[in-house]
Amino acid sequence: MAQSLCDVCRNITFATSSSRADNSYTTWKYSFRSQTFSNTDVPQTDRRILSYPLYGSVASLMASSSNGCPLCTLITDILLYSTFATRMHPMGKARQVPDVPVELLWYPNVGSRYQSSAGGCHRFLAARLVTDTMTTSAFQVPLFFTKYNSEALCSTLSSKAVTNHFYTGSEENFILANFWLKRCLSSHSRCTIIAYSFPALPTRVLDVGKEGEPLKLRLVDGKSRVGQYITLSHCWGKLKIITTTKSNLTQHESIISFNSLSKTFQHAVIATRALSVRYLWIDSLCIIQDSIDDWTSEASKMGQYYSQSLVTISAVSAKGGEDGMFAVIDSRVVSPMPIDITFPDSKESGFVHSLYPADDSRLIWGDTKAPLWDRGWVLQERTLPTRMLMFSKYQMSWQCQEEMGSENIPEGRVRESSQEETDIRFSLVGSQINPLAAQSTSHASLISRKLHSEFYGDQVSRHRLYCAWYNTVEQYTYCKLTRPSDIFEAIDGIRLALQYALDDEYVAGIWKRDIHRGLLWIVDEEHGPNRGLPLRHRRSPSWSWAAVPGACKFKTKNASPEDFDKSRLQINVIHFGQRIALKVHGVLRRAINIEGDNGLTESTHRQGSLGENLIDQKSGHILGNFIADSTESTALTEVWCLCVGLNMQISRRINPKRDEIFYSLLPDCLKGWMKAKEIEERLALRKLVEKFEVYVLVLACLNKEEQIFMRIGVGQIRNHLKCYQNSKPQSLTII
């Protein structure tokens with residue numbers, strides 16, 4: 001069914017006579033969001049708008065949408081199901097919208113961060129309900145009117161606008177995907193700092209043939225061969241999917257029936273051929289699943305496979321192979337629609353599209369994140385690739401190191417990476433250049449030395465990389481693993497990249513040179529479904545974040561080297577039988593956990609009512625609070641507190657600028673005395689604050705004679721530091 005604008009939308013005109021000022025705080029606060037607009041884009045004084053009346057009521061707008069008008073459908077969909085970028089459940093109940101007039105606004109003095117070679121002109125529009133209530137901003141629909149420079153892109157978008165129901169695996173979409181890929185390869189320096197024109201192929205790859213040739217699938221040996229290839233990131237799901245085993249390896253090397261593939265794998269084959277790439281790497285097919293040796297060998301190379309592939313294709317919304325990657329979507333609410341609009345200076349032809357479309361590909365955090373992003377192995381499959389082509393139930397989207405694009409924003413926009421993403425990326429680049437640099441003194445060697453000197457050569461840079469690791473681990477522990485034993489393998493690709501940059505030893509998920517901060521992780525009580533598990537576990541040492549499956553956070557990840565004093569504890573990594581253990585030398589104090597089954601009096605419990613549940617056994621003083629790793633830990637009465645480090649960062653509560661403003665308001669006769677007194681008090685406060693921010697490992701004693709302990713939690717001591725200052729250090733083993 002062809003799309004056709006209604007008469008109202010076909011004749012949109014912004015007349016000069018409709019101009020008015022709009023200084024509504026809510027309008028400007030919510031419409032111009034930081035990911036789209038900078039401070040210089042939004043005018044601070046001349047907030048002029050021009051308006052065009054759409055319909056006299058929301059009911060009339062919805063009626064036009066039912067009759068097929070694509071612009072009315074877009075506005076209605078966002079009004080009913082979206083609140084700025086937050087998409088409600090598609091099957092959920094639509095929110096209540098007042099039946100009031102609807103107008104279309106144009107903001108002539110607003111610029112935008114959206115800049116690309118394909119999008120030459122942007123005008124900011126918004127559909128808004130005409131109401132005087134405070135909820136006006138909640139019913140404002142931000143839109144872009146864009147004129148594209150690329151004739152090929154305009155042609156593709158016009159073709160997509162022919163029908164309401166659009167298939168994300170269509171020819172038009174792969175024209176768009178190839179447009180993004182070619183632009184990235186030709187003009188993105190950050191994406192091509194290491195240009196693998198002919199990278200080494202993985203051990204095995206699926207040969208999908210060439211586009212236009214008869215389809216014949218088979219596994220081929222990639223050893224000692226080079227070529228471009230694509231990697232697939234997907235969820236295995238609960239239903240059985242095709243795998244390669246010892247018994248069918250020979251058969252798969254001869255031929256694999258297309259019909260034997262899961263729907264997701266079939267779509268991946270179609271996408272690979274559409275991108276003019278011959279080889280596809282899929283974990284279940286390219287790793288011999290019942291061979292421990294092959295799985296171990298290939299798992300260690302997965303980071304390399306994803307980082308060196310031309311593109312990683314991601315089946316974002318698919319819970320299993322039966323779901324597939326491609327979806328049928330309503331192009332009216334996703335794809336830019338062709339439209340003519342009359343502005344005061346001219347009548348222009350362009351495309352209208354939403355600013356903040358719903359997209360599972362961007363939902364990587366929280367309880368509502370897409371199925372793929374909830375899988376532990378996928379974190380490195382999302383972090384390490386140079387380029388990603390993602391398919392969700394809403395649309396197809398693109399991401400490389402410099403740009404983000406989608407069906408909704410086909411021109412692309414600059415990708416603003418977080419600091420940890422940038423740090424991990426440069427670490428990865430360095431780790432890939434290093435093997436080349438060892439064999440050559442040319443360009444690769446120069447880049448390798450430059451990266452080391454500029455990004456890894458000082459303490460601040462290394463500290464930032466450690467922070468990137470802690471943030472990555474936190475995100476990783478919120479994901480799920482089918483096999484808990486994969487806890488270290490599933491993140492090993494990121495570890496290898498950082499290890500090159502840090503030049504540090506990695507022990508059970510913790511970096512040796514930053515082991516003090518690495519030990520101070522806590523279980524996220526809101527997302528720790530495993531707190532009921534027993535204390536004893538075999539997956540990793542008790543002191544590693546991998547010991548208790550579930551979400552964790554690092555208490556001191558943001559503490560700078562100057563602020564975190566770790567001199568009170570000496571740590572050595574040793575072998576304890578077949579395990580890795582810590583041999584430490586520091587101050588250990590016996591304490592009572594007042595939340596345990598200890599029979600303490602009610603008055604004692606009241607003393608620690610402000611979250612302070614640790615009492616020094618010798619002096620009886622309340623020390624601070626203790627966060628247990630598991631439910632079983634909280635039941636222990638006698639625990640031991642080992643001082644790990646002193647965090648000085650809390651002293652920054654003193655605000656010199658605030659003091660300066662305060663003093664300027666005082667009468668002259670009081671300034672001298674007050675300032676001296678204030679300084680004296682604040683210096684005393686600084687000493688007090690710096691004195692009482694001690695982090696301890698809370699331990700349970702397993703063998704008193706041999707001084708063998710295991711970790712059961714982390715404590716924070718704010719009182720009676722002298723208990724540690726006056727105690728004699730001792731040696732013990734933590735397993």
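Mentor: Start with a polar contact of 2.5 Å, which joins the side chains of Asp514 and Tyr470. This is a predicted model, where local features need pLDDT of at least 70, side-chain atom pairs count only at pLDDT 80 or more, and totals for chains, interfaces and linings use all residues. Residues are numbered from 1 along each chain as its sequence is written, and side-chain values use heavy atoms, with hydrogens and water left out.

Trainee: What makes the pair Asp514 and Tyr470 a polar contact?
Mentor: The term needs a pair of N or O atoms within 3.5 Å; within protein, one must be able to donate a hydrogen and the other to accept it, and residues adjacent in sequence count only if both atoms are side-chain atoms. The value here is 2.5 Å.

Trainee: Why does Asp514 count as buried?
Mentor: Buried means under 20% relative accessible area, exposed over 50%, partly exposed in between (1.4 Å probe, protein chains only). Asp514 has 9%, so Asp514 is buried. In the chain, buried residues make up 56% of the 735 residues.

Trainee: Why are α3 and α4 called oblique?
Mentor: Their axes cross at roughly 125° and come within 8 Å. Axes are lines fitted to C-alpha atoms, for helices over the stretch in contact, and angles run from 0 to 180 degrees between N-to-C directions. Under 35 degrees is roughly parallel, over 145 roughly antiparallel, 65 to 115 roughly perpendicular, and the rest oblique. Therefore α3 and α4 are oblique to each other.

Technical notes: Helices (H or I, at least four residues) and strands (E, at least two) are DSSP runs, numbered from the N terminus.
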